[in-house]
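Please follow this explanation with the sequence and the three-dimensional view side by side, taking each region as it is named.

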Amino acid sequence: MTSPLYDVAIAGGGPAGCSAAIRLAQRGARVVLCEARTYPHDKVCGEFLSPECSTLLARLGLKSELATLGAVPIGTASLAAPDGVTWETHFPAPAWGLSRRALDAALAERARAAGVEVRSGTSVVNVAGNLGEAFLLSLRYGGKDDCLRSRAVIGAHGKRSSLDRALRRQFLIRREPYVALKAHFRGPRLPGRIELNVFPGGYCGLSEIENGTANLGLLVRESVFQAAGGAGPAAIDNFVTWLRRQNPRLDAWLGQASRLDERWLSIAQIPFSPKEAVVGDILLAGDAAGVIAPLAGDGIAMALRSGALAADLVLRYLDGKLSAAELRKNYAERWAHEFGPRLRLGRALQPLLMQRHAASVGLRLLKYVPSIGRALVYGTRDLGLLEKSDIALAENNL
Ligand SMILES: Cc1cc2nc3c(=O)[nH]c(=O)nc-3n(C[C@H](O)[C@H](O)[C@H](O)COP(=O)(O)OP(=O)(O)OC[C@H]3O[C@@H](n4cnc5c(N)ncnc54)[C@H](O)[C@@H]3O)c2cc1C
């Protein structure tokens with residue numbers, strides 16, 4: 001039996017894939033979204049939704065869900081260097097703390113409600129074909145092979161996936177120097193604030209999510225992790241013991257906190273170096289197209305926004321308003337214009353922040369010249385997306 005022809009097939013059901021899927025379905029496209037894992041699931045992430053996310057989620061019909069899911073408002077970011085120097089800044093509109101378990105599952109549910117065929121537990125193994133002749137996606141579901149056909153494909157499969165190998169993407173040949181860890185804790189309250197604690201070779205974010213839980217997400221150079229933690233099953237515990245000696249504020253918090261998750265989640269080989277936004281005839285959205293330094297706290301917003309951008313251009317292609325060549329070109333150009341500058345700024349700032357003395361000098365500078373701090377916060381995000389009502393809320397309530 002031949003499989004049906006979808007208008008659009010999407011690989012990956014995180015914020016980028018769901019955003020694209022919802023937008024397409026809202027405008028009448030026949031969409032299938034394949035997500036390798038089943039919902040709900042945890043992800044290595046700071047679980048901080050930057051202010052722009054409110055607008056982007058509202059456009060998908062999800063804004064009221066933030067409160068329903070128990071997301072907590074965050075109005076302040078506070079950075080602390082290893083020598084105790086701190087710097088604080090206030091967001092121009094509320095940011096939110098919400099677990100990825102809750103966020104990604106809510107996005108997938110919204111996609112289903114909008115008419116998307118969500119196939120969870122289904123990996124896209126390979127993609128053949130092109131925009132002119134249609135695509136054939138090879139799938140793996142429950143240990144069995146399957147396939148489907150579509151007129152367009154959006155790759156939203158995250159930072160690094162087996163699908164990237166199948167597509168022979170160039171970034172895979174580079175060795176990446178960072179690892180990341182994440183776990184949930186019960187600890188001293190962090191009301192309305194996200195704390196970024198810097199240590200030699202990395203930084204660690206702490207903020208509250210739903211149910212009075214705190215999320216700890218950190219990024220560290222692999223060489224520092226290995227030197228501090230060694231190898232074997234105790235590596236993470238050894239590393240955390242070392243970490244506590246590197247930043248007094250983090251040490252004080254961890255000393256009064258207990259881990260709720262049985263295990264730390266970890267990932268390695270995080271590709272911060274540049275990637276392509278279009279491979280063959282496949283448009284890539286979210287981390288599949290480019291990974292922003294976590295210090296910017298903007299990856300989820302970028303994923304939601306780039307998914308929507310891909311969807312809007314694909315709709316124009318499906319309506320015959322863009323040729324295949326125009327679709328590829330417009331998307332690559334719009335993507336580079338919108339996201340290129342903030343990715344470059346994040347890449348430049350990240351290694352600076354990880355150096356003990358540079359972090360301390362930098363934070364002192366930000367304290368005395370606040371306009372530089374504001375320029376950095378604005379430079380790593382698209383604050384044009386903020387709604388006036390959200391800005392008023394930040395000014396009055398937070
Ligand atoms: C340490 C760290 C902390 C961070 N903290 C923050 C933060 O606080 N705030 C923020 O905004 N951003 C943060 N980020 C970035 C953020 O996590 C990502 O930018 C965001 O998750 C990107 O969304 P996405 O949809 O592109 O990818 P993902 O969320 O990774 O989703 C991709 C999905 O594709 C699925 N998939 C993969 N391969 C396949 C396949 N072959 N077939 C089908 N499905 C597949 C995966 O299972 C996954 O669910 C952080 C990143 C790191 C590393």
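**A walk through the model**

A134 counts as partly exposed, because 15 C-beta neighbours fall inside 10 Å. This is a predicted model, and what follows should be read with that in mind. A134 belongs to strand β8, which covers residues 134-141, and its phi is near 85 degrees, a positive value in a residue other than glycine. R168 also has a positive phi without being glycine, with a value near 55 degrees. R168 sits in the loop between α5 and β10 (178-186), and it counts as exposed, since 10 C-beta neighbours lie inside 10 Å.

Another backbone feature is found at Y39 and P40, which are joined by a cis peptide bond with omega at about -5 degrees. P40 is part of the loop that runs between β2 and β3 (48-49).

From the backbone we can turn to the ligand and its surroundings. The ligand is surrounded by 40 residues, of which G12, G14, G46, G286 and G299 are the closest. By class, the residues of this shell comprise 19 nonpolar, 15 polar and six charged. Several elements each supply at least two residues of the shell, namely α1 (15-26), β2 (31-35), β7 (122-130), α5 (162-166), β13 (214-221) and α9 (299-318). Helix α9 gives the most to the shell, with four residues.

D298 is placed in the loop between β17 (282-284) and α9. Is D298 buried or exposed? D298 is buried, because 25 other C-beta atoms lie within 10 Å, and the cut-off for that class is 20 or more. In sequence D298 and L49 are 249 residues apart, yet their C-alpha atoms are 7.5 Å apart in space.

The buried residues of α2 are E52, C53, S54, T55, L56 and L57. Just after this helix, G61 adopts a positive phi of about 80 degrees.

The next step is to see how two helices are arranged against each other. Helix α6 (residues 222-229) and helix α7 (residues 235-244) have axes that come within 7 Å and cross at roughly 95 degrees. The two helices, α6 and α7, are therefore roughly perpendicular to each other, given that angles of 65 to 115 degrees are placed in that class. On the α6 side the contact is made by F225, A228 and G229, and on the α7 side by A235, I236, N238, F239 and W242. Sorted by class, the contact of α6 with α7 has six nonpolar residues, two polar residues and no charged residues.

Which residues is L363 in contact with, leaving aside its neighbours within four places in sequence? The contacts of L363 on that basis are with L79, A81, V85, T86 and W87.

P92 is partly exposed, since 18 other C-beta atoms lie within 10 Å. P92 and K367 are 275 residues apart in sequence, and from C-alpha to C-alpha they are 18 Å apart in space.

Conventions: Residues numbered from 1 in each chain as written. Predicted model: local features only at pLDDT ≥ 70, side-chain atom pairs only at ≥ 80, totals over all residues. Axes fitted to C-alpha atoms, helices over the stretch in contact; angles between N-to-C directions. Parallel < 35°, antiparallel > 145°, perpendicular 65-115°, else oblique. Contact = placed C-beta atoms within 7 Å. Nonpolar A, V, L, I, M, F, W, Y, C, P; charged D, E, K, R; others polar. Near = placed C-beta within 6 Å. Buried ≥ 20, exposed ≤ 12 C-beta atoms within 10 Å, placed from the backbone.
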